[in-house]
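Trainee: I would like to go through this structure and check what each label rests on. Can we start as soon as it is on the screen?

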Amino acid sequence: MSHTAHIRSHRKPRRSASTIAMRAGVAGGVLSTLAVAGASGSANAAEPVTQTLELPTLTADLAAQVAQSADVTQQAAASYQLQAERDAAAESAAKQAKTDLAEAKKKAAEAKKKAEEAERKEAAERASRSAERVTLSASSDTGSSTGTGTSTGTGTSTGTGTSVGSSTATGSAAAVVAFAQAQVGKAYVSGATGPSAYDCSGLVQAAFKQVGISLPRVSQAQSTAGTQVGLGNLQPGDILYWGGAGSAYHVGVYVGDGMFVGAQNSSTGVVERPLSYDPPSGAVRVL
């Protein structure tokens, strides 16, 4: 025993059983709390592991949804682009159709104008031809005796007052006349030279070709191909022309007896007619 143990103030106080029991209970409660906390901590520590294991499944589903959304967006974009291309094509087609329509209207107007010009030209030619006939008829009537009787020694007088020679052709003239008369009834075709169809100058050229004479192709040149002769001194085989010499628009062959053969037009074809049917403007002789 310490030498101070007998002194009261230096003695350690004794712990009572209740105090010890209380401290033991507190310690037990603390340990229980720590155990619960430890268990809770263990449980919380295990949770992330469980969530981490589920992440790949969630990520795959999300990726599939994103991919599907991307496909839908791409399809929509393609649809919009296709529609835009169709709209552009339709607009281009409409513009082209408008241009084509304008061009067609322009061509139609030009064709109509040309047709009207051709019709006016044809009407002017008909009027000129009629005027020439009237002038020729008037000059013939004033320059010859009236009637249709037979003139002395030189031949017959036609109703137009034009004296014509003998109807009897000989030699080359007879061959020209015979060929021309043999073509009567065949068709008139512009530019045709036989043997099934002719135009006026094509018939005259073919007739003279039978006797070895090569004439120009067109009526303008044929009207100056020989010696000019008066209508009062015609002989079979002479070339008759209508219009001016060098600018004639029609030709035929005089066959005698006041008759001529010519390829008149598409309505009549090749015909034989009296001079009064269509009085000529002049004549040339090449035989």
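Mentor: Start with Gln-183, which is in contact with Pro-195, Tyr-198, Leu-203 and Val-270 when its neighbours within four places in sequence are left aside. Contact means heavy atoms within 4.5 Å. This is a predicted model, in which local features need pLDDT of at least 70 and side-chain atom pairs count only at pLDDT 80 or more, while totals for chains, interfaces and linings use all residues. Residues are numbered from 1 along each chain as its sequence is written, and side-chain values use heavy atoms, with hydrogens and water left out.

Trainee: Where is Gln-183 found, and why does Gln-183 count as buried or exposed?

Mentor: Gln-183 is in the loop between α2 and β4 (187-188). Helices (H or I, at least four residues) and strands (E, at least two) are DSSP runs, numbered from the N terminus. Buried means under 20% relative accessible area, exposed over 50%, and partly exposed in between, with a 1.4 Å probe and protein chains only. The relative accessibility of Gln-183 is 5%, so Gln-183 counts as buried.

Trainee: What makes Arg-217 and Asp-199 a salt bridge?

Mentor: A salt bridge is a side-chain nitrogen of Lys or Arg within 4 Å of a carboxyl oxygen of Asp or Glu. For Arg-217 and Asp-199 the N to O value is 3.0 Å, and their side chains meet in a salt bridge. Arg-217 lies in the loop between α3 and α4 (219-222) and Asp-199 in the loop between β5 and α3, so the pair ties together parts that are 18 residues apart in sequence. Asp-199, at 8%, is buried, whereas Arg-217, at 27%, is partly exposed.

Trainee: Which backbone nitrogen lies 2.9 Å from a polar atom of the side chain of Asp-199?

Mentor: That of Gly-191. Not counting residues up to four places away in sequence, Asp-199 touches several residues, including Tyr-188, Val-189 and Ala-263.

Trainee: Which side chain meets that of Arg-285 in a salt bridge?

Mentor: The side chain of Asp-238, at 2.9 Å from N to O. This pair links distant parts of the chain, with Arg-285 in strand β11 and Asp-238 in the loop between β6 and β7, 47 residues apart. Arg-285 is buried at 18%, and Asp-238 is buried at 2%.

Trainee: How many salt bridges does the structure hold?

Mentor: The structure holds 3. One of them joins Lys-95 to Glu-91, with the closest N and O atoms 3.7 Å apart. Both residues lie in helix α1 (residues 17-143), 4 residues apart, about one turn of the helix. Lys-95, at 53%, counts as exposed, while Glu-91, at 47%, is partly exposed.

Trainee: In what order do the 6 strands of the open sheet stand?

Mentor: The order is β6-β11-β7-β8-β9-β10, and the pairing is antiparallel. β6 (227-229) and β10 (269-274) each have a single partner strand, so they stand at the edges, with one side of each left without a neighbour in the sheet.

Trainee: How do you know that β6 and β11 pair?

Mentor: Two strands pair if DSSP finds at least two bridges between them. Here 3 bridges join β6 to β11 (residues 282-285). Gln-228 stands opposite Val-284 in β11.

Note on methods
A polar contact is a pair of N or O atoms within 3.5 Å; within protein, one must be able to donate a hydrogen and the other to accept it, and residues adjacent in sequence count only if both atoms are side-chain atoms.
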